[in-house]
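This report goes through a two-part structure by topic. Please read it alongside the sequence and the coordinates.

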Amino acid sequence: MKFGVAGRDVTASRGARAWGSALGNAVRCALALLALAVVVQALIVVEARPQDLLTGIHGMADFIRRAIPPDFSRLPATIWPLLQTVDIALFGTLVGVVMAVPLAVLAAANVTPSRYAYYGARAIIGFTRAVPDLVWALLFVTAVGLGPFPGGLALGVHSVGMLGRLFAETIEHMDMGPIHALELTGARRIQIFSHGIVPTILPSLLGISLYRLDENIRSSLVLGFVGAGGIGFQLLTAMNLFQYQEVSLLLIVIFAVVLTAERISAALRERLA
Amino acid sequence: MLRVRGLSLRYPNGKLALADFELSIAAGEFVVVLGGNGSGKTTLLRCITRTLKPSIGEVWLGDINLCPLEGEKLRQARLAIAMISQHASLVGRASVLRNVATGALGRHFTMRTALGGLPACELEAAREYLSEVGLAELAEQRASTLSGGQAQRVAIARSLAQRPRVLLADEPVASLDPEAAEDIMRLLQRLARSERLAVLCVLHQVELAYSYADRVIGIREGRIAFDLPRGEVSRDVVRRLYVGEAA
């Protein structure tokens with residue numbers, strides 16, 4: 001009798017496993033088809049035509065032919081816009097850091113003084129991050145006119161969002177032991193911040209800020225296209241005037257600047273780690 | 001020095017963590033609390049520091065009852081209570097000396113201390129506290145480079161910088177090797193005597209309680225199971241404290 005009951009259990013269990021396995025396979029197939037459908041719709045929406053790359057390659061070749069050799073005689077004229085580009089990034093990063101630090105403290109769930117401050121700070125961070133720096137640049141150009149200043153402001157405001165979020169996450173993930181220990185000594189909130197939170201997260205904050213500076217240098221090149229000054233503006237002007245040899249020179253300079261900034265930033269971050 | 005009267009705490013989930021707890025510790029006395037996991041030992045310490053608000057009861061520090069206090073008055077009253085826990089919780093990137101001196105922050109509120117500076121007099125005092133715990137030569141070293149035993153000594157020096165009258169220790173030797181654990185217990189015992197501190201130390205190591213405590217309190221299910229001078233604590237009494245947990 002017992003054997004019979006046990007036998008039925010085993011059969012039922014095997015049946016259930018077979019159904020489970022079949023269901024699992026069906027789900028996997030459905031997910032694979034779904035992934036394929038997503039890729040196909042993307043190709044349709046972007047009107048992907050790889051054959052046009054082949055038929056239009058002579059256009060690119062013509063551009064490259066006219067851009068070579070680069071016009072190195074224009075090199076001295078790139079120095080000032082280059083300095084502007086780097087300084088736009090530097091200004092934007094500094095503004096971003098100064099504004100992001102207090103916002104991040106309010107937006108970090110583990111140290112925020114109140115729920116309202118938390119949601120308020122998160123809203124500001126979310127908004128400044130959601131609006132692209134290019135749009136901020138257009139807005140600031142209409143407010144303060146053309147030149148590097150609107151570019152710096154645009155990068156600053158956008159950096160507030162980007163840095164604010166990363167700083168807040170850093171604070172939320174830090175070891176709270178020293179903070180609780182300071183609380184118990186009777187230290188005040190501002191003292192806990194300056195003696196406990198700041199020294200604990202400072203290396204991470206500096207690392208993130210350096211990475212942002214590196215990103216902002218790249219962004220400041222693009223901002224020149226909407227009139228925010230710097231080497232991007234010079235690149236746009238050269239393109240519009242069909243000065244392709246100057247364009248190639250500017251591309252070389254941009255490549256050198258981006259690479260240098262990236263290496264310096266990486267080396268400094270490594271030292272801070 | 002420290003008196004706890006009729007202290008009870010019921011958590012929001014209905015669990016009674018402490019029930020009608022009575023305790024009194026004199027200056028210079030070293031009291032060890034024993035009890036199984038979840039018996040209410042840490043809850044007792046958190047009620048004394050008022051990081052938890054008791055449901056009913058009183059916690060007297062000298063002639064001040066901490067229970068009704070809030071805000072600045074509570075912060076001021078808390079200055080007399082220092083606490084160390086299982087982990088030293090030091091700021092790893094700061095020097096040992098700075099870590100010790102931060103224990104005095106509660107008594108100095110100036111622009112300098114608000115912006116990360118420390119008063120020169122407290123840095124000097126911190127050197128003395130480091131000598132007290134036998135680590136004067138490590139003053140300038142980064143706290144992250146210390147061993148577990150050294151870090152715990154620095155945490156004790158930090159609590160001394162607070163100039164407390166009561167020192168609470170929540171399993172201060174739980175993560176240390178036996179030799180370092182003995183060192184810390186000897187230090188706490190010595191400080192209780194020399195600084196006239198009322199020390200309340202939660203432990204799991206029964207042997208350490210037998211060796212160092214003036215008095216041993218057993219807690220079971222939030223109530224006092226026994227409160228006896230060290231010499232009167234039998235092995236059987238202590239064993240009974242943990243029987244329910246083992247079963």
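## Backbone exceptions in chain A

Phe242(A) lies in the loop between helix H10 (231-240) and helix H11 (244-272) of chain A. Helices (H or I, at least four residues) and strands (E, at least two) are DSSP runs, numbered from the N terminus. Phe242(A) is not a glycine, yet its phi is positive, near 55°. Phe242(A) counts as exposed because it has 10 C-beta neighbours inside 10 Å. With C-beta atoms placed from the backbone, a residue is buried if 20 or more other C-beta atoms lie within 10 Å of its own, exposed if 12 or fewer, and partly exposed in between.

The model is predicted: local features need pLDDT of at least 70 and side-chain atom pairs count only at pLDDT 80 or more, while totals for chains, interfaces and linings use all residues. Residues are numbered from 1 along each chain as its sequence is written, and chains are lettered from A and ligands numbered from 1 in the order in which they are written.

A cis peptide bond links Ile68(A) to Pro69(A), with omega near -5°. Pro69(A) sits in the loop between helix H3 (57-67) and helix H4 (75-107) of chain A. Most residues other than glycine have a negative phi, and most peptide bonds are trans.

## The antiparallel sheet of chain B

Four strands of chain B form an open sheet in the order S2-S1-S4-S5, with antiparallel pairing. Strands S2 (16-25) and S5 (64-65) of chain B are at the edges and have a single partner strand each, so one side of each lacks a neighbour in the sheet. Strands count as paired if DSSP finds at least two bridges between them. Five bridges join S1 (residues 2-10) and S4 (residues 56-61) of chain B in the antiparallel sense. Val4(B) has Val59(B) in S4(B) as its bridge partner. Helix H1 (residues 41-48) of chain B packs on this sheet and touches S1, S2 and S4 of chain B, its direction making about 65° with that of S2(B).

Asp20(B) is located in strand S2 of chain B. Asp20(B) has a positive phi of about 50°, although it is not a glycine. With 14 other C-beta atoms within 10 Å, Asp20(B) is partly exposed.

## The parallel strand pair of chain B

Strand S6 (residues 81-84) and strand S7 (residues 166-170) of chain B run parallel and are joined by four bridges. Ile81(B) is opposite Val166(B) in S7(B). From S6(B), Ile81(B) and Met83(B) point one way and Ala82(B) and Ile84(B) the other way; all are buried.

## Helices H5 and H6 of chain B

The axes of helix H5 (residues 120-132) and helix H6 (residues 148-161) of chain B come within 9 Å and cross at roughly 135°. This angle makes H5(B) oblique to H6(B). Axes are lines fitted to C-alpha atoms, for helices over the stretch in contact, and angles run from 0 to 180 degrees between N-to-C directions. Angles under 35 degrees count as roughly parallel, over 145 as roughly antiparallel, 65 to 115 as roughly perpendicular and the rest as oblique.

In total, 18 residues of chain A are in contact (C-beta atoms, placed from the backbone, within 7 Å) with 21 residues of chain B.

Notes:
Contact = placed C-beta atoms within 7 Å.
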